[in-house]
Every structure is written in structure tokens, then in C-alpha cells.
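Please look over the sequence and the 3D structure shown here before reading on. The briefing then goes through the structure topic by topic.

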Amino acid sequence: MHIVDRRPNPKGKSLSNRQRFLARARIEVKGAVQDALRKRKVADVANGEKVTIPTRGITEPIFHHSRRTGRIDHVVPGNKEYVRGDEIPRPNGGEGRGGSEGSPDGGGEDAFEFTLSKEEFLDMFFEDLELPDLVKKSLKDTTTVDLQRAGYTITGSPSNLSVPRTMRNSMARRIALRRPRLPELEELRQLLEEANEACNETEANRLIGQLNALEGRIKIIPFIDTMDLRYRRFDRIPRPNTEAVMFCLMDVSGSMTEAMKDLAKRFFMLLHMFLVRRYRHVDIVFIRHTSTAEEVDEEAFFYSRETGGTVVSTALEKMVEIAKAHYPSDRWNIYGAQASDGDNYGADSSRCASLLGGEVLPLCQYFAYIEVGNGLSSAGLSGLSRDSDLWKAYSEVAPAHGHFAMRRVGDPAQIFSVFHELFAKGGVRA
Amino acid sequence: MRNSRYLGPDGLIADKPLFTESNWNFAGLRTVYNAIERIAIEELGLDFYPVQIEVITSEQMLDAYASVGLPLMYRHWSFGKRFAYHETLYKKGLQGLAYEIVINSNPVICYIMEENSMTMQTLVMAHAAVGHNHFFKNNYLFRQWTDADGILDYLSFARDYVAQCEEKHGAEAVERVLDAAHALKEHGVNRYTHRARPNLAEEKRRAEERRAYAEATYDDIWRTVPMASIPQDETEAQKKAAEVKAKLGLPEENLLYFIEKRAPRLDDWQRELIRIVRHVSQYFYPQKQLQLMNEGCATFVHYEIMNRLHDRGLITEGSMLEFLHSHSSVVFQPGFDDPRFSGINPYALGFAMMSDIQRICEDPTEEDRAWFADIAGCGDAFGVLRHAWANYRDESFILQYLSPRMIRQFRLFQVKDDSTKPSMKVEAIHDDFGYWRIRKALAKQYDLSQREPDIQVIDVDLTGDRTLILAHYFHDDVLLEEKTCRAVLNYARYLWGYAVKLQEIDAETDTVLKTYEVAAPPRP
């Protein structure tokens, strides 16, 4: 009998099968992911998700007997009261048949449930979305340089020395040139000592000669020669500028209810997750405004309560100011997202429109305006409800700028579809 | 060996148990295995393959589940699905993992989980490494159908071949073939050994014998009996059709074999993929017919061995209790109206029947003498069991050995479910009238040819549009489930490349009740 410890074996033997399975169930999984998103909180959007998918696309049909035809005998255990000739009503879904067990997918028509990892979840989530105008920026901009492993080289800096490669070469050379090994020398020295003790002079001389020859050889053939040295080689790969900044603008005046803020937050979170996947580094700037605007941290942005009037243009001014000071547009990809309930101080809306068209949009890669409603008005009904001042003003700017989009959102369930609409590959923009 | 001190040939009482701690270690496993092996060979007279025990983690156990219990497998999404399913159940705590998986190869590979306690490892080794192992080596179905020496090599070939095909022809193309072949895999097995190729000398000898027999029994009077006259042209046509069928080897119940050999439009690599699926399916063919006996044998053997270890003081009282707890939950049989009921538990029925055989051999009642005259009171329980393990399958084992006592103990009853009637009817219960019927009905329930639809290739329209014609021969009006049948026929069409037709034919009256047709796939 042998005992083999298989525990150290590499893990993830089923990984490639799993990927195949996901690819197979792609449509179902995607639907489930979007469903899941509607239900869950923003804070844990990025966690893995347990998804339940219908078994449609992943059934493995085989020929089997129908349970609704013919005459079948069942033998089952546990008779308590029946005698021959008793009639038993037919149980729903078919009597559990002796010998037959549940199929691995939990029985024919049922839904199939399993857990997606975070990566898999996000992949599905953002699958057919893309960032607008990503290319334009990267072409225009100076690119940054990335290092990428590219084999080995014979020159390089000591910090890039590849010890395993070098030692491999060294060993091959030492074996090929028959460099004496230390144990051999030791052995000879031992013999020499013994010969000396035994006063066997001829033998000692012979050994000394041999020893000298070997030591000479060791000196000639170094342990590591410069020709053994190998260095890790890196190629410099130009990469498009991968830094982005995202401006979140939100009205926090009294008219914005918690529910509206929650909607806005969901949108911002989605945008952030999306940017993080596309850019290596994403800065977020939170600007909130009432009648004045200020830059705040995330906590204050979403949760602190403010009162006051509403002057939207202050936020846009603030954004331009910060962008000019810290995020020059030739180096940064700038994204803006504004959320508001549409209320604005009377004369300010036209100013907002001119600010947006004249200063903000030229800076940005993309700017999205989300008007949050109280659950009654929705994007689909926009024609019927009264347009807000801000909405009207922005509508005039929109046609001239392809990278500006505006949408109305009424309840959390719409967030994803609105987001999806905005960033769909080659999608329409308002 | 080390433990010979404890376990002499005369069954000396040990002076101390083999282990006292609950954690296992490699030296302990070895000692315990040696003790078990000794009991199995010397006392129970078992004969098994050498064993290789492999310690694995729970994650690796899930991997093994996913690849249907084999150590290596080609890649396919369905295994990923199985993995995702079991993983979710396991993580939710809905399903524990098996303590072991054992693979019918030579040497037998027995996976044991690192989480098991020493007692559980002892149980697992007695159960799998000895019990299943003996069954694998001796049962006639395994001997006939399973190449224990070659299976691992074959699987590794299959895995590499599928991977190569994916590289060459694209994963999608390979997946399509495998999907289709998987749909037909239950019908990709040979149920009988091949007809021997006609051998000239043998044929000559048989012809000679026939002639000699005809000469010996010649009676001139038969010449005067008038022959029925058959129209000449009809026989000619029939003869010709029969000839073509014979050349194609029809009827053929191994659908995958037929498609692999005869499908007109498949590439060589596609045929090879089908062959792989067919071989793997064939490997599992005996297992499906031997579930009850296999588990029964292993459970009976582990119970016997654990008790003998305990009798000698080789395992402690605590271990014995732990074992009994686990054993009794393994052989638990809920009644049909219990929410836990999911068919007859093969461990429970198998173990009970084998214990019953032991009782019949050693301590029979009058009833046993009447029902089992040949073995009742013979005294050699293990001889009888070894014979049963070697020469029966589930169906014949029940037909032969299910005793009235078992029927009473399990309170088995037979229900007839006639789809034309509003309710089901109890046909037999555990009484004198019912024993025989229940035994027969239960055996039928385990008969693979009853459980799985009998589907055969009956004809190919060679002169017309090359339609493949399948037949489902049914009994008792049990037809195929419509939705899956269509889905499978679509797969069959993909492999065949032309239209496929399936007729549902009543096996008794030869009337066609229903016909499915799938048109030929559109040509690109």
C-alpha cells in the first residue's frame, strides 16, 4: 500500500471548466447579475454575487421516460397503513421513484444557483459598456511608459540579475569543463594527510602534484563566469495615459430628499467602479452645493445635511477651478457627473448652461447630468412631466456636445439601465 | 510488520489499541491499514487490488466530484457546472462531502479527506480500500467491462486529445461535438460482448455439424408436406434490405458507436471525440447496475472489519461509538412519506440484505429454509457472500436473495401508477401474497434495461435522403419525455449531419405510436 499526500497539488483544477461553464451560461448569468444589482445596496455592489439562473441554456438532455405515460410499478419502503387494493392519490410532481435520484442540476426545471467571484461579477456587469472618447485622449496625450517582462539578456543592472538562470548556466559550464568539486579536493587532502602520517613520501608527492593541478583548475575555471550572467529583461511599453479624475457634483439643498441622494449615490458608485476598471488611477472630487459650492470628502458629501438655496452654477465654477488648479486636461482624463433634482435659483439656469457649454465641457471627456425624481417621474414619462429649469437650460447645450448626456431617474431599479444606456458601446446620447 | 504483535494468526487479543488520538497521521494510517488488510485477507477471504491511498483537501474533493469521481478528465463546461453546484451546496452547509472516493483502477486509488478523524479514516479504508476494492476486482460485470489497468492512461490520453483538438479546431467546435455526444452517452455503451468475427475453420466445422445433423434426422416424409408459396420478388427485395442492414450492423443499440463508424459527415477528430465519450460511458456502465451491491458489499465489509477490530481491542470504545454513529446514519432508510426520502438507500438495503444472508447461513428460520434451501444453515456466510458479490448484479441479486424478512423489515410495498387512472393502486404489501411480487417488481426497478429507454438504430435511408431512423421500443406504454427527446434528437442530428427520425414502437405489438422527426440541418 502507498500513501500519497495530494494536498500540496495545485489548486483550481476545475477553473477552466468553470470558465467554460460561465461562457456557456453567459446570457442567463448576465440577466441574473443585472437583477441582483437592482436589489442590492451600493456599498456591496463590488462583492461577489450569488446568482440564480434558469437552467435553460445549460441543460444536458438525455432520453428518459416520461412520468406521465404508461403503467409503472414503484416499490417503496415505509408502508404503515396500506393493504392490497388501496387507492392512493397521485402526489404532485411524481412519486419519488425508488432508485432514481435527483439530477445534478437539482431536478429538471428548477433554477440553478451558484456563486460568482467578484471579478466574474464585474466582468459580466460591465461587459458591453465602454468609456466614451477614451481613444481620443490617449492619442492626443503624452503616453506613460510601462515595463513588461521580455525574457532574459546578458547585460543589465545587478538588481535585475536572475539568479536561477545564472546558476543554471554556471552549473552547465562547470560540468562541461570538469571543474573539480570541493569534496574531491577534500578527499585528496585526506589521503595526503594519511600519506604524510604513514611517511609515504612518494605517495605524498604524487598527491601534492594532483592537488596542485586540481587547485589550478579551480582557479582557471571560475564558479561563476561573466558569461553565465543573465539579467531579466524588460521592454518599455508605451501606455495611454491612465489617470482619470471624476468630479461628482450634487445638489444637497433641502429639496433633495434622502431617496434622491441615494439614487445619485448609486449612479456615482457605478461610475466610479466603471472608471476604476478602465484606468489605473482614478481620483474622485466631491463637490456639493447649496447656494455655495465646496469640495468635501465622501462622508460629508453623501450624509451631511445642509440647508439653503440652490445655485447650481457655483458647483460648475468650483469644478472648473479645481480642474484648472490640479488636473490639467492635457494630462488627466476628466469625467463629470452631476446629480440634481432640477431646482435652481431662477436666473441661474441660463448661466449654468453657458458655463457648461463654454468652460466645463471643453475640459471633460464626458459629462453626465442625472436628474433625480421622487419616484413618480421617470425617463419614460419625461414628455409628460414638467421640465425643470435646469433641464430646459441643459437641453439647449446638449445637441452641440456629443460628450454630454442627460437622463432622468425615478427609482433605483432604473439606475442600471440608465447607466447602461449612457455607456453602451456606440450607444445613443441625448 | 509492526502490528503482527497485536494480531497473530490465531487472533490474539491486543494489548493496546492501534490508535487513541482522534487526529490521524501517516504512520497511523499505515498501521491501521495493515491490520485491516490482514483481517480482510485471512478472515474474510477477500481478494483485492493493491491500494494507493491519497490524502486530499475538501476543495480537491469537490474537484473530484465535478469530474464524476475520476482523477482526471477532459475539459467540458458541464463539469464546471457540476463543480459550481456542489460548491454552493457545500458552502451553504446543505451537503456534506463524501468521506472517500474510490477509483476502479489497478492499483485502486482511494481518496480520503484530510478533515476525517482517525476513526473515520479507519472506516474509510475498510469501506473503500477493501470493500469496494474486493467488489471491483471480483464482480463479473467489472471484470467484463472495465479495464482497471488501463483506465487512468486512457483518461490522460483523452484529456490531452481533447485539449489538442481545442487548439486545432477551436474550443467551440469541440464543445459542440462533446455536447452532442454527452446527450447520447447513455446510449453509447455495448450491453453485450461483441459477436466474434466469423472464423473460416469454425464456420466450416459448424456447417459440417449441421449437415451431419440433417443426415441423421432425415425423414423422407417431410418432402411430401406442401410448402407455403411466397412471391419471388418480395423475398428478393426483403433479402436485399436485410443484407444492407446486416452490412451496416443494424439494428444497433450503441448509438454513439453507430454514429462514430457510419456518420457520413464527421471528421476523424470528431469521431475520436465520440469514441472518448463512448469509452468513458462504457466505464461507468457496470457501475450503474451495481450500485446497491457495491455499496452493500463495502458497507458490510467495513461493518465486519470494524467489529473485528473492536473485538480484539484494536480500536477504543470511543472510536467504536463514533463509527457506529456514522454507520447508522449511512444505512438510514427514511420511509416514502418522509421529507428526506429520495428513493431506496443503496447502503441501507445492500447492507441489510447482506447481513440477512449471513443470518440465513448461520441461524436460519423455517421460512428461510423454505425460501433459500440451498444456503440456509450452510454456515459459510462469507463463501455465499463472495459468490454473490462475484456473480450477481443489483437486479439478479434482489431476485435471488431478497428475503420475506427484508420485505417486512423495510415494509416494502408495490404501487401501480397507471397514467390513465386518477389514483395509484397498492398492488402488494409484505404478506404471503406480496413477497414474491414485491421481489420481482423491485428487481425490475433495478434493471437498467427497464430504467433506461431502449433506443436502437433500426435503419438508414441509404437510397433516399440518408435519414437516420431510431426506434424506441417501449413497454407498458411508457413513452419518452417529449421536450428532452427533441433536444437530444437535435444533438443526434448535429452528429449525423442529416435528418433524424425516432419512432416509438410498442415492443409487444410492433405498432408505431408516435414519431419524432428532425429535418436535415441547413447546409452552409
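Predicted model: local features only at pLDDT ≥ 70, side-chain atom pairs only at ≥ 80, totals over all residues.

Residues are numbered from 1 along each chain as its sequence is written, and chains are lettered from A and ligands numbered from 1 in the order in which they are written.

**Chain A**

- Chain A has 13 helices and 13 strands; helices (H or I, at least four residues) and strands (E, at least two) are DSSP runs, numbered from the N terminus.
- Of the 430 residues in chain A, 29% are buried, where buried means that 20 or more other C-beta atoms, placed from the backbone, lie within 10 Å of the residue's own.
- Among the contacts in chain A with a separation of 6 or more, 81% are between residues 24 or more positions apart; two residues are in contact if their C-beta atoms, placed from the backbone, lie within 7 Å.
- Strand β8(A), residues 243-251, is mostly covered, with 8 of its 9 residues buried.

**Where chain A meets chain B**

- The contact involves 60 residues of chain A and 83 residues of chain B.
- On the chain A side, the elements that give two or more residues are β1 (2-5), α1 (15-24), β3 (71-76), β4 (87-89) and β5 (111-116).
- That side has 19 nonpolar, 20 polar and 21 charged residues; Ala, Val, Leu, Ile, Met, Phe, Trp, Tyr, Cys and Pro count as nonpolar, Asp, Glu, Lys and Arg as charged, and the others, Gly among them, as polar.
- β1(A) pairs with β1(B), residues 51-56, in the parallel sense over 4 bridges; strands pair if DSSP finds at least two bridges between them.
- In that pairing, V4(A) has E54(B) as its bridge partner.

- An open sheet of 4 strands runs in the order β3(A)-β4(B)-β5(B)-β4(A), with antiparallel pairing.
- β3 and β4 of chain A are at the edges with a single partner strand each, so one side of each has no neighbour in the sheet.
- β4(A) and β5(B), residues 423-428, are joined by 3 bridges in the antiparallel sense, and P89(A) stands opposite S423(B).

**Two helices in chain B**

- α14(B), residues 346-362, and α16(B), residues 381-391, pack at an angle of about 140° with their axes 9 Å apart; axes are lines fitted to C-alpha atoms, for helices over the stretch in contact, and angles run from 0 to 180 degrees between N-to-C directions.
- This makes α14(B) oblique to α16(B); angles under 35 degrees count as roughly parallel, over 145 as roughly antiparallel, 65 to 115 as roughly perpendicular and the rest as oblique.
- By class, their contact has 7 nonpolar, 1 polar and 1 charged residues.

**One glycine in chain B**

- G131(B) is in helix α4(B), residues 118-138, and is buried, with 29 other C-beta atoms within 10 Å.
- A40(B) is 91 residues from G131(B) in sequence and 8.8 Å from G131(B) in space, C-alpha to C-alpha.
- Beyond its neighbours within four places in sequence, G131(B) is in contact with residues including C297(B), A298(B) and V301(B).

Conventions:
Buried ≥ 20, exposed ≤ 12 C-beta atoms within 10 Å, placed from the backbone.
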